[in-house]
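Reader: I have a new structure open and I'd like to learn how to read it. Could you walk me through it, one feature at a time?

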Amino acid sequence: MCQVVDVRQAVLARNDGLAETLRTELRARGTTMVNLLSSPGSGKTALLEVVLARATAEAVPAAAVTADLATENDAARLSRSGAPVKQVHTGGLCHLEAAQLRGHLEGWLPDDTRVLFIENVGNLVCPASYDLGETLRVALMSVTEGEDKPLKYPSAFGLANLVVLTKADLAEAVGFDEPAFLAAVRQVNPGVDVLRTSARTGLGVAALWERVLEVCDGGPVHRPPLAGHRDRAHSHPHTESADRHGVDAH
Amino acid sequence: MHELSIAIAVVEAVDELARRHDADAVDEVRLRVGELAGVEPDALDFAFEVAREGTLLSTARFTVERVAAVVRCAPCAVEFHPGTPPNLLCPQCDGGSVEVLAGRELELAGVGFPAPDHHDEEVTADVPGR
C-alpha cells in the first residue's frame, strides 16, 4: 500500500527561486549580471581581461567573479584590470549555483557595481542548467573548437542571449567554417546575435562592451525559444508550489 | 556531471515533502524529464543511487518519464519534433519564430509514501494552499 502525491514541482525550483531573488536584488542596486559560459580554454578570461580594462578606462564600475575547481590564476589575471575580482572555488562542482554565488557576493560586491561578470566554470554541459540571476547569458566558443559545438551542446548555446566567437584571429589558420557555425547556432537558437571577437587584436571587443552597456541601460535582450518555455513553466501554478493536486492510493 | 546536483536537488525536495507529510519513508519518486532539458536519464539514475544514500529515499523506486519535444512555428501554425540534435527552425518556412511547447521539463511529478490506512485524510489536510 502506497499513496502517491502528485507534485509537479520543477526540480531546480530552489535554485531558480534564489536566482530570481538575486536578479531582483541586483536590479534594485543598479547592477546587471552577465554570465559567461564556455568550455575550458575558449578564451573567456582573455576576453574578460580586455573588457574589464575597457570598463576601467571608461570609468564604468565593473566587477568579476571567476569560478574554477582550483587555482587563483584567473583572478590574478583579471585583477590587473583594476576591477574588483573574486575567485570562487566550486569544491569540485562543475558549475556555479545561485545560492553559492549569492553567498560569495554578500559583503564583497561594491555597491556601485554597474556590471558584474560571472566567468562560469569552463564546461558546456552543467552550467547551462543553472540560472544564476543573470540578465545576459553569453555562450562563448573559440574557432579552434569546431563549428559543430552548438549542435553538440544545444542547451549551452540554445539558452544564450548572445553568442560570442573568440580567437577569430586564428579562424583562417585552423580552417574554421564560419557559415557552418552560424547555421549550427541558428538551428538551436534562432535569432540570437553572434559577435566575432579576438582578445589579441581587439576585434569585436567594443561591440561586446556596447551590447553589455545596452543591457545595463535596459536595452532589449534576445529571448531564446528554449528559455521562453522555461520561464512560462515557472509561472505555471503547478510548478510554483510544491503542493499536490490529488492523492491516489494504489 | 550535473546530474548529481540534480539528483541531490530531487532528494532535498522529496525529503522536505516527506517531512511536510509526516512520512518517515519514501516508496516512489517519479520524475519527468524533457528531451531538451539537457539531462541524461541514465546518468540521473546512477546519480540518484548515490544521492539517496542514508536518506528517507534509500529504498524508493525511481522512475523517469521522458517527455518528447514539441515545437510550434507561430506563423505557420505547424507543430514539429525538433529531433537530435534539436533543429528549432520550422521545417515549412525555415523561420525561427518558434515556441517550444514541450521537452524542457525537469520536474518532480509524484512522490509515493507508505500509507497506513488511516493516513489519507491527514495527508490531504496537511497540504497548504488547498
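Predicted model: local features only at pLDDT ≥ 70, side-chain atom pairs only at ≥ 80, totals over all residues.

Author: Happy to, and let's start with a word you'll need. Buried means under 20% relative accessible area, exposed means over 50%, and partly exposed is what falls in between, using a 1.4 Å probe and protein chains only. Helices (H or I, at least four residues) and strands (E, at least two) are DSSP runs, numbered from the N terminus.

Reader: Okay, strands. How many of the residues of strand E6 in chain A are buried?

Author: First the general idea: in a regular strand the side chains alternate between the two faces of the sheet. Now the case here: Leu136(A), Val138(A), Leu140(A) and Ser142(A) point one way from E6(A), with Arg137(A), Ala139(A) and Met141(A) pointing the other way, and all are buried. That's seven of the seven residues of the strand (136-142), so E6(A) is largely enclosed by the rest of the structure.

Reader: Which strands pair with E6(A)?

Author: Two strands pair if DSSP finds at least two bridges between them. Strand E2 of chain A (residues 32-37) runs parallel to E6(A), joined by four bridges; in one of them, Leu37(A) has Ala139(A) as its partner. Strand E7 of chain A (residues 162-166) also pairs with E6(A) in the parallel sense, over five bridges, and there Ser142(A) is partnered by Thr166(A).

Reader: What does the UniProt record say about chain A?

Author: A word on records: UniProt positions are given in the numbering used here, feature names are shortened, and annotations may be inferred rather than shown by experiment. The unreviewed entry puts "domain: CobW/HypB/UreG nucleotide-binding" on residues 35-195 of chain A. Over that stretch the chain is 30% helix and 21% strand, with the end C-alpha atoms 16 Å apart.

Reader: And chain B? Which cysteines does the "binding site" annotation cover?

Author: According to the unreviewed UniProt entry, they are Cys73(B), Cys76(B), Cys90(B) and Cys93(B). They span 21 residues in sequence, yet no two of their C-alpha atoms are more than 8.7 Å apart, so they gather at one spot.

Reader: Is Cys90(B) buried or exposed?

Author: Cys90(B) is buried, at 2% relative accessible area, and its place is in the loop between strand E4 (78-80) and strand E5 (98-102) of chain B. For neighbours, contact means heavy atoms within 4.5 Å. Not counting residues up to four places away in sequence, Cys90(B) touches Cys73(B), Cys76(B), Phe80(B), Gly95(B) and Val98(B). Cys93(B) lies in the loop between E4 and E5 of chain B too, but Cys93(B) is partly exposed, at 39%. Setting aside neighbours within four places in sequence, Cys93(B) is in contact with Cys73(B) and Cys76(B).

Reader: What does His2(B) touch?

Author: UniProt's unreviewed entry lists His2(B) for "binding site" as well. The residue lies in helix H1 of chain B and counts as buried, at 0% relative accessibility. Leaving aside neighbours within four places in sequence, His2(B) has contacts that include Cys94(A), His95(A), Cys126(A) and Tyr130(A), along with Gly38(B) and Val39(B).

Technical notes
Residues numbered from 1 in each chain as written. Chains lettered and ligands numbered in written order. Heavy atoms only, no water.
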